[in-house]
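Student: Could you show me how to read the way helices and strands are packed together in a model like the one below?

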Amino acid sequence: MLFTQLGLTPQLLEALNQLNFSEPTPVQHAAIPVILAGEDLLASAQTGTGKTAAFGLPILQHLLSKTDDNGPDQAVKALILVPTRELALQVQTNIQALAQNTSLKTGVVYGGVSIEAQQNKLQQGVDLLVATPGRLLDHLNRQSVSLDKVAYLVFDEADRMLDMGFMDEINALLAQLPSQRQTLLFSATLDDNVMLLSRGLLRAPKRVEVDQNHSAAKDVEQQVYAVDSEKKFALLCHLVSKGNWQRVLVFSRKKVAVDKLVQRLNDADISASAFHGDLAQGQREQVLTGFKSGDIRVLVATDVAARGIDIQSLDYVVNYELPYVAQDYVHRIGRTGRAGNKGLAITLFSEEDALLLEEVEVLLDKRLPQQWLLGLEPDLTKADPFAGRNNKAAQKRRAKKRGYRGKK
């Protein structure tokens, strides 16, 4: 199917042509007709599969056809809520590109930057607003924006918003929104908490599930290397240097650990920078620019980067430490293998990671491929690295977890 067969307006089709998009992705093919029909939607699909256009195109079309029905021009008519600054900027950029041939005005608000500049933009009028919940509440308290004309509400990465503790902010925002609206909930993973949230938000929603819930991106090759904790750094340097890897995204759990790893990489003559919540927004944007341009070879990040970094030429993701929340693994490795490109996701596994890796494998419902590196001086991998995972006790734990999950 082509975009021309989905009933989109000439302005939107021309924008898609200018962006060299002709065929919708599976989630776009499934979601766009449902949204155009005015239905509420609960959708799950992997990151990098075009979710923004899946909800952005039909919302823009609705706005083009109803510009006179939702109050004055300065009223916000469509609201997209996202969990992080990076994702807010990414979604806004994509929406702006799709709306380039229209007179619709888009805006974005997020924390970490001047609220006055955002306030001035809002006062000029915005049809579609992308926002993080906390900063949007700040603007509501300042009365620099009103939500009483919002006809279209999108929750993008809803599970992440719940993980980050945004429920109080979400409830406060919902109190400011009209009860009569079209609501869309998108996420790469849909857990029990998100399903509970959807029941209070959506009215008889249509369900779109392009990939198996919690499945990893199909274009990402996943590998696990067993290594003692104290040898993880040497193995990372070996993989990056010997493989001549460029533009590598490495995940660690804590900001302090990220900063230490960056220092060690730079001392080893591997250019690296940190990316985490302690950096000011300007610093984060500067780091991302350097990473995209190739000036920074390795970006070491906490899970704040697991959703919101969109780099199509990112070939390598390394889990230096596994996340505490298994779903974050899916989002981490989803930074590579985007837009039809291939990617490689490597996990450095040590004995203390055993339970975390089991949680990931239960979530994916499969064992991850085990790798050995031979002939290294000194030997970085263990003689029988996965013995602890293959014993009967570990097998029983996995079976019990799978059975429990299947009954829920």
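Tutor: Helices (H or I, at least four residues) and strands (E, at least two) are DSSP runs, numbered from the N terminus. This is a predicted model, in which local features need pLDDT of at least 70, side-chain atom pairs count only at pLDDT 80 or more, and totals for chains, interfaces and linings use all residues. Residues are numbered from 1 along each chain as its sequence is written, and side-chain values use heavy atoms, with hydrogens and water left out.

Student: Which residues of helix α6 are buried?

Tutor: Buried means under 20% relative accessible area (1.4 Å probe, protein chains only); in α6, residues 133–142, these are P133, R135, L136, L137, H139 and L140. After α6 comes Q143, with a positive phi near 60 degrees.

Student: What is the order of the strands in the sheet?

Tutor: Strands of a sheet pair through backbone hydrogen bonds, either parallel or antiparallel. Here 7 strands form an open sheet in the order β3-β4-β2-β5-β6-β1-β7, with parallel pairing, and two strands count as paired if DSSP finds at least two bridges between them. At the edges are β3 and β7 (206–209), each pairing on one side only.

Student: How many bridges join β3 to β4?

Tutor: There are 4 bridges between these parallel strands, and V108 stands opposite V130 in β4.

Definitions and conventions:
Buried < 20%, exposed > 50% of the residue type's maximum accessible area, 1.4 Å probe, protein only.
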